[in-house]
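Subject: Structure handover

Hello,

The structure we discussed is below. My notes on it follow.

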2 protein chains.
Amino acid sequence: MNAINQVAIFGGSHGNELTGVFLVKKFQQQPNLITRQSFQTSALLGNIKAIAEGRRYIEKDLNRCFYGQNHQDDKIVTYEELRAKEIQEILFPHNQPGVDAIIDLHTTTANMGLSVILGNLHPFLLQLAAYLSSINPLVKVYYHPQPKYSGYLRSLCDLGIVIEVGAVAQNILDADLFLHTEQLIYAILDYFELYNQHKLSNHVSSFTLYKFLGTIDYPRNDSGDIQAMIHPQLKFRDFEPLQPGKPIFLTFDGKEIFYTGEDTVYPVFINEAAYYEKGIAMHISQKQLIKLD
Amino acid sequence: MNAINQVAIFGGSHGNELTGVFLVKKFQQQPNLITRQSFQTSALLGNIKAIAEGRRYIEKDLNRCFYGQNHQDDKIVTYEELRAKEIQEILFPHNQPGVDAIIDLHTTTANMGLSVILGNLHPFLLQLAAYLSSINPLVKVYYHPQPKYSGYLRSLCDLGIVIEVGAVAQNILDADLFLHTEQLIYAILDYFELYNQHKLSNHVSSFTLYKFLGTIDYPRNDSGDIQAMIHPQLKFRDFEPLQPGKPIFLTFDGKEIFYTGEDTVYPVFINEAAYYEKGIAMHISQKQLIKLD
């Protein structure tokens, strides 16, 4: 892999996830914080209109609009599709080198702690994930495969990383999670710097990765209205084992609904507010020990 | 006081506070749950459009639009003002008896547990608050004085009560808080029934009340942008004592800001998402022991 020359940090891809918004504003005011000797770093706000309104998005989830520059202009109708096009042109200007890495800052109402989400298993991302896990045992690594140009901002380049922290409500700041996110950003930038300077050492031989298996929706009636809530026993238990037969939902009438899968899985994004409309009560994942060469 | 003949339960006065929305839908489908022998109970959704969009409000906070029927029609311009007028006409139809009590269901991102908010100190409300505190030690009673027709739904009648539960993010359901809210509603309805049937006994002689003293805003710059977050040491500490000199905010640059009041106070609504735009980082209150005759 070549040197990393340009890095972009995004906040507010979702307008109601304030940690990234205020971190990016801080970096814009104090660019020295994200400046490293061997590469350029820019800090950008994602969904400007949605940030102003305190909403995830105005017309369409921006973080499902990044389809690369081959996306036909006649398909661009919403504000977010237009904004995605603008962002792509900033990150990958015509006839100029584009960014090498994207760090996209998110928060979730799920109790995902300090998570890093990878969309692919590029060897450098695996090394980075191993490094981050080793310096902070709170870091969890979640692998949610996303092909290039699949709509997600992070899918625009091989080194696309999401920092996903929670549990925090939409439209509030949690100081602890703000500080954790900030430190994780610096750790990633420092890692890039060490890589560029050929100073990476202390090779980490393995780390734990949670791999996306699928999603589970809330029980719904014929009109699509949800009929149950996340079960109290599952609440806030992201990244913990869920065994077959354990309760996952509680209906409004007090009936328990149990997990019917055959294997123990590790739910994440449990009770994420923005996923009710997407038909997702939780992701389920598989826990793996990744060994690096 | 006369008998209680009509009670209205409201959910979704704020469209992104789902506990009340789904409880009201449940009561509409199973009215027997809120039926008592001696009075009529209706269950109503507040901000219909905002519920559909998963937002607190569309144009204006509905729970600041209830100014009674003397409010001039030419001042009604927003959807919420119109909806407030409709609700007032439902609750207090022309030349017919109106409701005697309103139970307005809310959630908050603050850690207010299972709270009851009173807008006035009507002797019956004090007795009710004492009773609720006695049967469930988790119940906290917060007194936020609101004159009649002051904009709040609960200000439309003397027996206006808010149930405020948290911490829960906007646009999600928390099963525990849903169940607690539901049980508290039944306890209130049962109390009304006992009162009507002259069967109230077990007089409770005192209870703890937290009385609103004022609000504290986030530190802001000249543009109105917040410059600090709730301090980690204050996070989720609603209804706990805050002594002078203790930290309340942490700036984005890591500076601590301390509480400069002269007396110990009890913050509530700490870090409520909807209050960022209202210039409120928290309410502060005074803890009082209320003795009943």
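**Pockets and backbone**

Of the 49 residues that line the largest pocket, those nearest its centre are A:Gly54, A:Arg55, B:Gly54, B:Arg55 and B:Asn171. A pocket here is an open set of points on a 1 Å grid over the protein atoms alone, where a 1.4 Å probe fits and protein lies on both sides within 12 Å along at least five of seven lines; lining residues have an atom within 4 Å of a point.

This is a predicted model, in which local features need pLDDT of at least 70 and side-chain atom pairs count only at pLDDT 80 or more, while totals for chains, interfaces and linings use all residues. Residues are numbered from 1 along each chain as its sequence is written, chains are lettered from A and ligands numbered from 1 in the order in which they are written, and side-chain values use heavy atoms, with hydrogens and water left out.

The volume of the largest pocket is about 1,500 Å³ (the space filled by probe spheres set on grid points joined across faces, edges and corners). Helix 1 (18–29) and helix 2 (48–53) of chain A, and helix 1 (18–29) and helix 2 (48–53) of chain B, each give its lining at least two residues. Helices (H or I, at least four residues) and strands (E, at least two) are DSSP runs numbered from the N terminus. The lining of the largest pocket has 23 nonpolar, twelve polar and 14 charged residues. Ala, Val, Leu, Ile, Met, Phe, Trp, Tyr, Cys and Pro count as nonpolar, Asp, Glu, Lys and Arg as charged, and the others, Gly among them, as polar.

The second largest pocket has a volume of about 610 Å³. It is lined by 35 residues, and A:Phe236, B:Thr109, B:Ala167, B:Val168 and B:Phe236 are the closest to its centre. Its lining divides into 21 nonpolar, nine polar and five charged residues. Helix 5 of chain B supplies the largest share, three residues.

A:Phe236 is not a glycine, yet has a positive phi of about 65°; its loop runs between strand 8 (228–230) and strand 9 (247–251) of chain A. A:Phe236 is partly exposed at 40% relative accessible area (buried is under 20%, exposed over 50%, partly exposed in between; 1.4 Å probe, protein chains only).

Regards
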